[in-house]
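Please look over the sequence and the model below. The paragraphs after them go through a few parts one at a time.

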Amino acid sequence: MSDDIPTRLLIVDDIPTMLQTLRYALEDQGFEVVASAADGQEALNLLKRQRVDMVLADWHMPKMNGLELLRQIRANPKTAKLPFLMVTGENERTRVAEAIKSGVTDFVAKPFTSESLAKRVRGALKYGASAMHLPTGSDPANPLSRTLETPSGPRQRIILTVDDEPDNIEIVAEALKPQYNVKAAINGRIALKVAAAQPPPDLILLDIMMPEMDGMEVLSKLKQNPRTSAIPVIFVSAKWTNDEVAAGLTAGADDYIVKPIQPLILKARIETQLRLKDAADALREQLDLTVAHIRLQEDIDRMVRHDIRNPLTAIIGYADELGEQGYLTPVQQELREKIEQAAFTVSELVNFSVELLRIERGEYEPKLAPVNLVDLTQRVMRDLQPLARAGMVELLLQEHDRPDALIASGERLLVYTILANLIRNAIEATTARGSVRIRFEHGDGQVKVHVMNPALVPTAIRERLFEKGATFGKEDGSGLGTYSAKLMAEVLGGSISFISNEKERTCFSVILPAHHDR
């Protein structure tokens, strides 16, 4: 990045870990983050007293979201030309179009890599607030389809033609201009130098029969160099036998054209290879983004666990100190114990979050042990009683004639999390003065827990209820509760199913292997 491009950035996001992630990514690429804000209003206050060269803001934030912040910045003559990047996973067509209309400079789509983020920032800093440009045929609903164009227009594709005969080079140049930017090399040595330069050619037309270094040797050296190995190469040769064509393709060429050159065929072959290259590049970029997203997810998980563990430790410590004072009433002592137990539960779940990622990847090996389903369900009900009380929902546990038979083979924390997710969802779905009922079954080497509530699962979501991110009608719903419960049940050798109809209402059933003494 050149020294004359300013780097003073303001980042805005209501999630502290995302702010930290953005800061790390930007500073790793050489930018200076001079300020951060948790919402749009705080960002506006900072802009009144802090000079910045760009704003990067999340879309969804409390108090003032990213779109409202953008409009406020554009409405103020002092900040109207400030480059503004929206860092978001938003891709709904009308909303994206609204942001463009409001003057967004560019989008940074989540997930992102440090390199892709830096590329967007540099482009916006270079061309200013008006950098956003939608070329003909681009998709306004996909931020990744937008390109930052140079003042002279979109960059032409570069075709490098390599031939020791100037007449052949002239024929290719005449056939491809003005559609392509044609560069030429009269021998292999010059071709390798041009191919490794910046910007590299998008495709190479390579003659086979050349003095000093023939086309086969040039191709071999191109494939050995990481900077040039992905450039498509089309052999152009007077050799046309099947064996010769097969030898060229086996050596690594992407296509083979026989001289004399036919312009229409040449263009068609080039366009085909460029489309294939674009598809491969897009796939490679998506793979890079997926890997980066996994790493980002792991980084955020680690930061969240660290940030939550500190106050949890304090809560447990304070609760312990209260218990040692000796002057608490029985009611206060009971509340203290509940606070301490709730803090321990959250601490266990925080520690388990990394294991959930391993379950999702199929890398988790459960440590099976006896789990008393009645005791564990009663604990879940105690922990969720405040939520049920707030919603005026009654929790009912049906007694079983053989509680000693309700011992599952599993991991206590996994089973607790499964039951907590399902019972919480049932409470939230139940209207005031309704009830959530839990009953047990056993037999055939299995134990079952049924969680029933009077609400129906919305038809629109029934078929994908166990999919990741599936949610309906809950503004703060993550769509992870039933998804993670299914993963955990299956890793324990069990399963989850549900029925939802007018007659039976809704019942979620968890089936787990029964524990057998050996």
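**Aromatic pairs, salt bridges and a helix**

Phe235 and Tyr256 are both buried, where buried means under 20% relative accessible area, exposed means over 50%, and partly exposed is in between (1.4 Å probe, protein chains only). This is a predicted model, in which local features need pLDDT of at least 70 and side-chain atom pairs count only at pLDDT 80 or more, while totals for chains, interfaces and linings use all residues. Residues are numbered from 1 along each chain as its sequence is written, and side-chain values use heavy atoms, with hydrogens and water left out.

A search of the whole structure gives 4 aromatic pairs. Rings of Phe, Tyr and Trp (its six-membered ring) pair if their centres lie within 6.5 Å; planes under 30 degrees apart count as stacked, over 60 as edge-to-face and the rest as tilted. One of the pairs is made by Phe235 and Tyr256, which is edge-to-face, with 6.3 Å from centre to centre and 75 degrees between the planes. This pair links distant parts of the chain, as Phe235 is in strand E9 (residues 233–237) and Tyr256 is in strand E10 (residues 255–258), 21 residues apart. Strands (E, at least two residues) and helices (H or I, at least four) are DSSP runs, numbered from the N terminus.

Why is the pair of Phe466 and Phe508 edge-to-face? The ring centres of Phe466 and Phe508 are 6.4 Å apart and the planes stand at 80 degrees, so the pair is edge-to-face. Phe466 lies in the loop between helix H14 (459–462) and H15, and Phe508 in strand E17 (residues 505–513), so this pair ties together parts that are 42 residues apart in sequence. Phe466 counts as buried because its relative accessibility is 18%, and Phe508 counts as buried because its value is 11%. Phe466 and Phe508 form one aromatic cluster with Phe498.

Next come the charged side chains. The structure holds 15 salt bridges, each a side-chain nitrogen of Lys or Arg within 4 Å of a carboxyl oxygen of Asp or Glu. One of them joins Lys486 and Glu490 at 2.7 Å, N to O. Both residues lie in helix H15 (residues 481–491), 4 residues apart, about one turn of the helix. An α-helix has 3.6 residues a turn, so residues three or four places apart point the same way. Lys486 is partly exposed at 27% relative accessibility, and Glu490 is partly exposed at 40%.

Another salt bridge is between Asp404 and Arg402, at 3.1 Å, N to O. Is Asp404 buried or exposed? Asp404 counts as exposed because its relative accessibility is 53%, while Arg402, at 39%, counts as partly exposed. Arg505 and Glu502 also meet in a salt bridge, at 2.9 Å, N to O. Salt bridges that share partners join Arg157, Asp202 and Asp278 into one network.

Glu360 is in helix H11 (residues 330–361) and is partly exposed, with a relative accessible area of 30%. Apart from neighbours within four places in sequence, Glu360 is in contact (heavy atoms within 4.5 Å) with Lys468, Tyr483 and Leu487. Glu360 and Tyr483 are 123 residues apart in sequence and 10.0 Å apart in space, C-alpha to C-alpha.

Last is helix H13 (residues 412–429), with 18 residues. Its buried residues include Leu414, Val415, Tyr416, Ile418 and Leu419.

Conventions
Expected span 1.5 Å × (residues − 1).
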